[in-house]
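These are my notebook entries on one structure. I set down what I looked up, entry by entry.

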Amino acid sequence: MDSAFIYAAARTPFGRFNGALAGVRPDDLAATALRGVLAKLPRLDPAKIGDVVWGNANGAGEDNRNVGRMAALLAGLPVTVPATTVNRLCGSSLDAAMIGSRTIESGDAGIVVTGGVESMTRAPWVLPKPSRAFPAGDMTAVSTTLGWRLVNPRMPQEWTVSLGEANEQLRERFSISRERQDAFAARSHVLADAAWNAGFYDDLVIPVEDAGLTRDEGIRPGTTPEILAGLKPAFRPDGTITAGNASPLNDGASAVVLGSEAAADHVGADPIARVAGRGATALEPQMFGYAPVEAANQALRRAGIGWDDVGAVELNEAFAVQSLVCLDAWKIDPEIVNTKGGAIAIGHPLGASGGRVLGTLAQVLRERRERWGVAAICIGVGQGLAVVLENVSAS
């Protein structure tokens, strides 16, 4: 069976909700990331791409009707290149990369481009169709930006609590203090700003020229635990989760080129990392923040290594509290985690975040000359995904 390798990764800057990318359609954002990652491989004939697998969580507005296919067409790929869109909520683009890697390993394609997109700003309000014609009462428009909507009444109430309430419950269960959360969140901003200033993201991030955005919009360089301590709880009057220690709402896209080892001749470049293991797990919906724990453990077992071998971790920071419970469970050195900042600072455009953590991990492994790394993400409704990468770069 062939192995799957990462040949290139790219993403747009992540914009704030109603920020610089608010005027950009999600299919155009996706096309920007797709063009950007292919521009890094100028010798690759796009006609050689066997499939495009794209992640998207909402899919209720301009990202409907298979946004992966729309992005491929808008990016100028040959019409003969097929494309699909997958939805595993926050994990959609990591799921896309996992699907793409399996496609390569099975021999069904030699080159697959994966990625994901989300415009949380442009996610529409929706109206459910009435059960009978011409109802006399009012109808409520439901926001599709984030979280549960049009909930099936048969779902147990404990499963359908808000994302914030679910993480307050996680905080109680694992005794994570407000101070730890704020310190973790402040670190995210400091490291993200330092990484940008050091040029780490220069080759990884594709500017959205029409929007004038060249850098992640939500990073606040001067953030400190003391500043975050002054913010009010967002979900409970006596809670610990605030707008400062949780990821914001964002817009953005990411992309990754995967291929077999033999595809190097068509790609015109050497691979930079091998997909060595994958993990997908699920538990009670309200426990979604803890789901990456077993997903990563599963991926490591399949890669044939343990946590002692891992030199870098990219864990999507949906909330500081859920990130901390994962790190505590893994018993790893927190200094190897999100060394270039995380989603609390960079942002979390749902369908794009998995591709971001995977692409960042591949580059961190190259920079630090570490052999093994883990990319992991929690997913609403109680799921988690993880991928183990092996650095195969000669540089």
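**Entry 1: Salt bridges**

I began with D193, which counts as buried at 15% relative accessibility; buried means under 20% relative accessible area, exposed over 50%, and partly exposed in between (1.4 Å probe, protein chains only). I noted that this is a predicted model, in which local features need pLDDT of at least 70, side-chain atom pairs count only at pLDDT 80 or more, and totals for chains, interfaces and linings use all residues. Residues are numbered from 1 along each chain as its sequence is written, and side-chain values use heavy atoms, with hydrogens and water left out.

I then looked up the partner of D193: R215 forms a salt bridge with D193, and the closest N and O atoms are 2.4 Å apart. R215 lies in the loop between α5 and α6 and D193 in helix α5, so the pair ties together parts that are 22 residues apart in sequence. Helices (H or I, at least four residues) and strands (E, at least two) are DSSP runs, numbered from the N terminus. A salt bridge is a side-chain nitrogen of Lys or Arg within 4 Å of a carboxyl oxygen of Asp or Glu. I recorded R215 as partly exposed, at 26% relative accessibility.

How many salt bridges does a search of the whole structure find? I found 17 salt bridges listed for the whole structure.

I looked up K40 and D203, whose side chains meet in a salt bridge (3.6 Å, N to O). K40 is in the loop between α1 (26-39) and β3 (51-55) and D203 is in the loop between α5 and α6 (225-229), so this pair ties together parts that are 163 residues apart in sequence. K40 counts as partly exposed at 28% relative accessibility, and D203 counts as partly exposed at 48%.

I also looked up E390, which forms a salt bridge with R371, the closest N and O atoms being 2.8 Å apart. E390 belongs to strand β12 (residues 383-391) and R371 to the loop between α11 (353-368) and β11 (372-379), so the pair ties together parts that are 19 residues apart in sequence. E390 is buried, with a relative accessible area of 10%, whereas R371 is partly exposed at 48% relative accessibility.

Finally, I noted a network of salt bridges that links R25, D27, E62 and R122.

**Entry 2: Two packed helices**

At what angle do helix α5 and helix α9 pack? Helix α5 (residues 178-197) and helix α9 (residues 320-330) pack at about 95°, and their axes are 9 Å apart. Axes are lines fitted to C-alpha atoms, for helices over the stretch in contact, and angles run from 0 to 180 degrees between N-to-C directions. The angle makes α5 roughly perpendicular to α9 (65 to 115 degrees counts as roughly perpendicular). I listed R180, Q181 and F184 of α5 as making the contact with A320, V321, S323, L324, L327 and D328 of α9; contact means heavy atoms within 4.5 Å.

**Entry 3: A residue in a loop**

I located T140 in the loop between β6 (125-126) and β7 (142-143). T140 counts as exposed, at 59% relative accessibility. Leaving aside neighbours within four places in sequence, T140 is in contact with V126, L127 and P128. The C-alpha atoms of T140 and L127, 13 residues apart along the chain, are separated by 6.7 Å.

Key. Parallel < 35°, antiparallel > 145°, perpendicular 65-115°, else oblique.
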